[in-house]
Amino acid sequence: MDLTVGPNPFFWSVEAVRDFYACLARAPVARVVLGELVCSKRLPFWQDEIPGAIETLRAAGKEVALSTLALITLPRERRLTRDLIEMGLPVEVNDLTALRFIPDGMPFWVGPLVNVYNEGTLDWLADRGARRICLPPELPMGAVEILAEAGRQRGVAVEVWGHGRVPLAISGRCYHARLHDRAKDNCQFVCGEDPDGRPVETLDGQAFLTVNGVQTLSQSVASAARQLGLLRAAGVASLRLSPQSAYFSDICEAYAGALGGGAAGLESRLAATTGGAALSDGFLAGEAGVDWSGG
Amino acid sequence: MMELVCPAGTPAALRTAVDAGAHAVYCGFADATNARNFPGLNFNRDEMAAGIRYAHARGAKVLVAINTFPQAGNQGLWHAALADAEAAGADAVILADLGLLARAAECHPGLRRHLSVQAAAANADAINFYAETFGVKRVVLPRVLTVAEITAINRAIEVETEAFVFGGLCVMAEGRCSLSSYATGRSPNMNGVCSPASHVVYAQERGETVARLGGFTIHRTPAGGPAPYPTLCKGCFTSGAQTGHIFEDPVSLDATQLIPQLARAGVTALKIEGRQRSRAYVAEVVRSFRAAVEAEAAGRPMPESALRRLTEGQAATTGAYAKTWR
Amino acid sequence: MTDPTLPVLPRPLATAARVMPLLPLSLALSALARRLLARHPGILARMGSQARKRFLLEFTDAPLVLMLEPATGRVSARRAAGLARHDAHLKGCVAAYLAMLHGRVDGDALFFEGSLQVSGDTEAVLALRNALDDAEIDLAAEIATLAPPLRPALGLAERLSGVALSRARVAGWEEHA
């Protein structure tokens, strides 16, 4: 089992993006998916960083793929998707729209925002050219085990959400703009003020969700730290780590160390990287997604 | 005339919808295969067959929703639903899952396939992908599109489109939301439920009714006053200095006045949400919308909607159809 | 048809409820409930395990509460809501319950506007509401078959009180237009 870093869901400055991928080149991860996942309006601000990041990461021996948007609606976004596929790098599909542009026989990856809930869908995607599939974070361990086995039979590497705030929903409406009483078309890029999203609490002060533009994430940081043995036994090929603005190298190193046999202390190392947020693993191991098996 | 597609959570609601003027009724089997898997709702196999006979005898169609995502290791339940819908004489099945679409195209080629809103096909390329790959004949449009976008989509596709005009409003792209399972462990995609009643607790605290879902406070309202159902994305929350309905107010969609625009946009069918609602709701909403599509076909102005009382928060919105919603 | 306003139970009837002996009322209501459940087996089938829940029905316009146990068909009338153990608690006016039972108003609409309040086991309440909605019950017809001479009196009571005692007839869209 190795480590895959997913696309950054947040809106960061050019400098932050550059530093992040420069650091990541030195991190013990096997592959990196990058590109704008959440909002096409953000892309012009940082797209010039992408070629350099790809070069740096590949020079460091990482496998690199480009992610599609999570929700493709506008003509501009459809063109963007088509262009992405022609760039010659593996594409991670996070909206099935991309399949219209991926020629038969061209291999592709499938991201966690595509609904792969069962063997029938995995088989169909494998026939169509899927080589890696990161399962939806919502899936329980029982389903992961079945799909990892189905993937092994079909030569598809199955990946599981390993660490990071969980993407829970995507919308046509921008909640960041709404919080600032602005329309999406006049958002003034307020999501850039919150490099790890904007926390949402209940009226009783319970930590609950995180708003990130048109995306809604959990406020807890999901972690498969307590399931590494089971995931490995199930034949899961890779753990997905989702970018955050601080301590990301520590997170990569903590998991790499644990996969290398030094699992002791992993939870406490991770707890120091969440900025006070709780850890959760309920989708894999509990009743509700927010639950944490570590008590 | 635009086709009016109406909800039925029970056989009685199906008969009510047909009698009130539905051109088509959509419903599902009483298990996790459909996205309104609520206690006391839905159809067993005999009820489905009888419902379809009732509708067909009166010139109405029945569309069977099998629109959750089959559970790994238990796909047989969904495959049986496909076969049983066909055997019962369904006019179409409404599907969302890639694997299930492939199965239907292969094993039930004569059974008409509609793409569920749960598949969230939000642009012409995605729709054409489903049409070309699985022979889908109609796509239920996600509730994130404007009328202008729907117009553009219809110019670029061959298949029919169906648009929601009334009822509960998802603010998130449907079929791509795990908010409910994050709080409760039960989700639309896997269990066919959102913000399930089994996880709702009401408490009286300091003169307020507090509604909690999976232990999370969704809203507080003055005791004894009107209260919305604690649907997660319509809750009242706090972020920084702001407190309010951060995602959506507790309102429902009423697009009666937009029907002529939707007709001009090339929409074939209009859909009413609410399989979890009573036959009183079905009767009133279906009658009102049948009158509206009759008026549209005759070039008359749309009737004023008298359905406000049936809507959550007693308030209606045109949702994403107007661009300002975003 | 959803009535814009629900009638409050007329005072003489409310007074009658106050002085009515509870045991005969409980027995009569239980007999009616068991008859309905036997004639509409779909109610228990739809409710499944939720039929074993205990529903406390409180009335805003009558000084008694009813405890309903669908699985046994037992209905017991009591004076106060505070004491009895229950799973779900509903509170509304007599007319609201009857209009809902007869498919004349939508339960969710009553809930949204605050005419019906729900606490406790919401899932059980939904199961009961959905099962009864499918059964298309007509209380006047049921009572009249139990005691045929009552039929004209029930029709008169419905007209005088404004409380729905019979099932809604579905009008087609033409009648609406």
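Me: Which residue is the bridge partner of C:Leu66 in β3(C)?
Reply: That's C:Ala77. Keep in mind that this is a predicted model.

Me: OK. And how many bridges join β2 of chain C to β3(C)?
Reply: Five, and the two strands run antiparallel. β2 covers residues 65-69 of chain C.

Me: What's the strand order in the sheet they belong to?
Reply: In chain C the order is β3-β2-β1-β4-β5. That makes an open sheet of five strands with mixed pairing.

Me: Which strands stand at the edges?
Reply: β3 (74-78) and β5 (117-120) of chain C. Each has a single partner strand, so one side of each has no neighbour in the sheet.

Me: By how much are neighbouring strands turned against each other?
Reply: 20° on average, with direction ignored.

Me: Which helix of chain C touches β2 and β3?
Reply: Helix α2, residues 22-39 of chain C, packs on the sheet there. The angle between its direction and that of β3(C) is about 155°.

Me: And what does α6 of chain C lie across?
Reply: β1 (55-59), β4 (88-92) and β5 of chain C. Helix α6 is residues 122-135, and it runs at about 60° to β4(C).

Me: Switching to the assembly. Which chains have the most contacts between them?
Reply: Chains A and B, among the two pairs of chains that touch. Chain A and chain C share no contact, and their closest C-alpha atoms are 18 Å apart.

Me: How many residues of chain B are in contact with chain A?
Reply: 53 of them, against 50 residues on the chain A side. On chain B, the elements giving two or more residues to that side are α4 (98-107), α5 (124-134), α7 (179-184), α8 (188-191), β10 (216-222) and β11 (237-239).

Me: What's the make-up of that side by class?
Reply: On the side of chain B that touches chain A, 26 residues are nonpolar, 20 are polar and seven are charged.

Me: Which strand of chain A pairs with β11(B)?
Reply: β8 of chain A, residues 198-202, in the antiparallel sense over two bridges. In that pairing, A:Thr202 has B:Phe237 of β11(B) as its bridge partner.

Me: Now the packing. How many residues are in the largest nonpolar core?
Reply: 266. B:Ala17, B:Val25, B:Ile66 and B:Leu270 have the most contacts inside it. Helix α10 of chain B (residues 279-297) gives the largest share, nine residues.

Me: Why does the core lie between domain 1 and domain 2 of chain B?
Reply: Because both domain 1 (3-169 + 251-325) and domain 2 (179-244) of chain B give residues to it.

Me: What does B:Ile66 touch?
Reply: Leaving out residues up to four places away in sequence, its contacts include B:Trp78, B:Leu82, B:Val93, B:Ile94 and B:Leu100. B:Gly28, B:Thr33 and B:Asn34 are among them too.

Me: One last topic, backbone torsions. What's phi of B:Ser195?
Reply: Near 45°, which is positive in a residue other than glycine. B:Ser195 sits in the loop between α8 and β8 (200-205) of chain B.

Me: Is B:Ser195 buried or exposed?
Reply: Buried, because it has 24 C-beta neighbours inside 10 Å.

Me: And where is B:Arg206?
Reply: In the loop between β8 and β9 (208-213) of chain B. B:Arg206 has a positive phi of about 50° and isn't a glycine. With 7 C-beta neighbours inside 10 Å, B:Arg206 counts as exposed.

Technical notes: Residues are numbered from 1 along each chain as its sequence is written. Chains are lettered from A and ligands numbered from 1 in the order in which they are written. This is a predicted model: local features need pLDDT of at least 70, side-chain atom pairs count only at pLDDT 80 or more; totals for chains, interfaces and linings use all residues. Two residues are in contact if their C-beta atoms, placed from the backbone, lie within 7 Å. Helices (H or I, at least four residues) and strands (E, at least two) are DSSP runs, numbered from the N terminus. Ala, Val, Leu, Ile, Met, Phe, Trp, Tyr, Cys and Pro count as nonpolar, Asp, Glu, Lys and Arg as charged, and the others, Gly among them, as polar. Two strands pair if DSSP finds at least two bridges between them. A nonpolar core is a set of buried Ala, Val, Leu, Ile, Met, Phe, Trp, Tyr and Cys residues joined through C-beta atoms within 7 Å. A residue is buried if 20 or more other C-beta atoms lie within 10 Å of its own, exposed if 12 or fewer, and partly exposed in between; C-beta atoms are placed from the backbone. Domain bounds come from an automatic or database domain assignment. Axes are lines fitted to C-alpha atoms, for helices over the stretch in contact, and angles run from 0 to 180 degrees between N-to-C directions.
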